[in-house]
Amino acid sequence: MISRTLKCFRAAAIIPLALVATVSIAQTPSIVMASTTSTEQSGLFPYLLPEFKKATGIEVKVVAVGTGQAIDMGRRGDADVLFVHDQVAEEKVVAEGFAVKRFPVMYNDFVLIGPAADPAKTKGKDIAEALTKLNAGNASFVSRGDKSGTHAAELRYWKAAGVETPQFANYKACGCGMGPALNMAASIGAYVLADRGTWLNFKNRADLAVLVEGDSKLFNQYGVMLVNAAKHPQVKTAEGQRFVDWVTSPAGQAVIAGYKINGEQLFFPNATK
């Protein structure tokens, strides 16, 4: 009888504790951030977001897709914050009223990756010249093909090379993120345009190497925007604005600057208010 009474007492004591834990989890503030695959696959967010949560108590749930898809999520009201890298598309979504204001956050650069032997002889600093050679030689090239910021940049570079729409036989659009595109290029020995951050964090390089870098046109700017609650009332404006304010503050910018792989800095903060 005593044993049974003790079991009941223990069960009664556990139930309030479980309720407290459940309430605590339910009350943890959170936001949804639609962002690029490059910020996720470079390893930045696993480094950056715990620091934001430590500073504010707000959890960030990341949906990592191409920039075009991320911006579309903002248009639909499926995210609270957008963290992307296609300035033309970013300014358009602000002009349409779906995002409140665009803030620059950080930058790095794009690089042309390819087989270390460089059969198309692209190595150098001129991205347009390199792509002209790839087109003329029907070299194997993997495109993201996913309307991401990287894909948009790639298409701009092809136009600068005099190629309106690349259609040579060995041009392959994977419709995939940056990591899978690099994996595909590594497996078939192809050329691919990548952001430097994802490349530095990429482990399956095979014989790929950086062949073109240093061209001013390869500059890669990232921006952050709060989705407009006037269009979508469900947007968590207060929590989302806290992320925008923090990531563009000296504290957030210092965390971005501190993210390195093998001593090499991946992103360079340049927020302006």
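## Val-212 in strand E8

Val-212 counts as buried, at 0% relative accessibility; buried means under 20% relative accessible area, exposed over 50%, and partly exposed in between, with a 1.4 Å probe and protein chains only. The residue lies in strand E8, residues 208-212. Helices (H or I, at least four residues) and strands (E, at least two) are DSSP runs, numbered from the N terminus.

Leaving aside neighbours within four places in sequence, Val-212 is in contact with Val-111, Leu-112, Thr-122, Gly-124, Lys-125, Asp-126, Ile-127, Ala-130 and Leu-218. Contact means heavy atoms within 4.5 Å. The C-alpha atoms of Val-212 and Met-106 are separated by 21 Å, and the two residues are 106 residues apart along the chain.

## Basis of the model

This is a predicted model, in which local features need pLDDT of at least 70 and side-chain atom pairs count only at pLDDT 80 or more, while totals for chains, interfaces and linings use all residues. Residues are numbered from 1 along each chain as its sequence is written, and side-chain values use heavy atoms, with hydrogens and water left out.

## The whole protein

The protein has 11 helices and 12 strands. Its C-alpha atoms fill a box of roughly 85 × 45 × 35 Å, taken along the principal axes. Of its 273 residues, 49% count as buried. Among contacts with a separation of 6 or more, 75% are between residues 24 or more positions apart.

The protein exposes about 12800 Å², and carbon and sulfur atoms supply 58% of this area. Accessible areas come from the Shrake-Rupley method with a 1.4 Å probe; for residues, only the protein chains shown count as cover. There are 29 positive and 24 negative side chains, and the centres of the two sets lie 7 Å apart. Lys and Arg count as positive and Asp and Glu as negative; His and the chain ends are not counted. The place of a charge is taken as NZ of Lys, CZ of Arg, CG of Asp or CD of Glu.

## Nonpolar cores

In soluble globular proteins, nonpolar side chains tend to be buried together. A nonpolar core is a set of buried Ala, Val, Leu, Ile, Met, Phe, Trp, Tyr and Cys residues joined through side-chain atoms within 4.5 Å. The largest one here has 44 residues, and those with the most contacts inside it are Leu-48, Phe-83, Ile-113, Val-224, Phe-243 and Val-247. Another core, of 22 residues, lies apart from it and includes Phe-141, Tyr-171, Leu-211 and Leu-218.

Leu-49 is in helix H3, residues 44-56, and is buried at 11% relative accessibility. Not counting residues up to four places away in sequence, Leu-49 touches Met-33, Val-60, Val-62 and Phe-243. Leu-49 and Gly-223 are 174 residues apart along the chain, and their C-alpha atoms are separated by 16 Å.

Gly-68 is in helix H4, residues 67-76. Beyond its neighbours within four places in sequence, Gly-68 is in contact with Lys-147 and Ser-148. Gly-68 and Phe-45 are 23 residues apart in sequence and 19 Å apart in space, C-alpha to C-alpha.

## Arg-102 and Gln-221

Arg-102 is in strand E4, residues 99-115, and Gln-221 is in strand E9, residues 219-227. Arg-102 is buried, with a relative accessible area of 15%, and Gln-221 is buried at 13%. Gln-221 touches Arg-102, and also residues including Val-84, His-85 and Pro-104. Contacts of Arg-102 include Gln-87, Val-94, Tyr-222 and Met-225.

A polar contact is a pair of N or O atoms within 3.5 Å; within protein, one must be able to donate a hydrogen and the other to accept it, and residues adjacent in sequence count only if both atoms are side-chain atoms. The side chain of Arg-102 makes such a contact with the side chain of Glu-90, at 2.5 Å. The side chain of Gln-221 makes one with the side chain of Asn-270, at 2.7 Å. A polar atom of the Gln-221 side chain also lies 2.9 Å from the backbone oxygen of Met-106.

## Two positive phi values

Most residues other than glycine have a negative phi. Asp-118 has a positive phi of about 50 degrees although it is not a glycine, and for Asn-262 phi is near 55 degrees, also positive.

Asp-118 is in the loop between E4 and helix H6 (127-136), while Asn-262 lies in the loop between strand E10 (260-261) and strand E11 (264-265). Asp-118 is buried, with a relative accessible area of 7%, whereas Asn-262 is exposed, with a relative accessible area of 81%.
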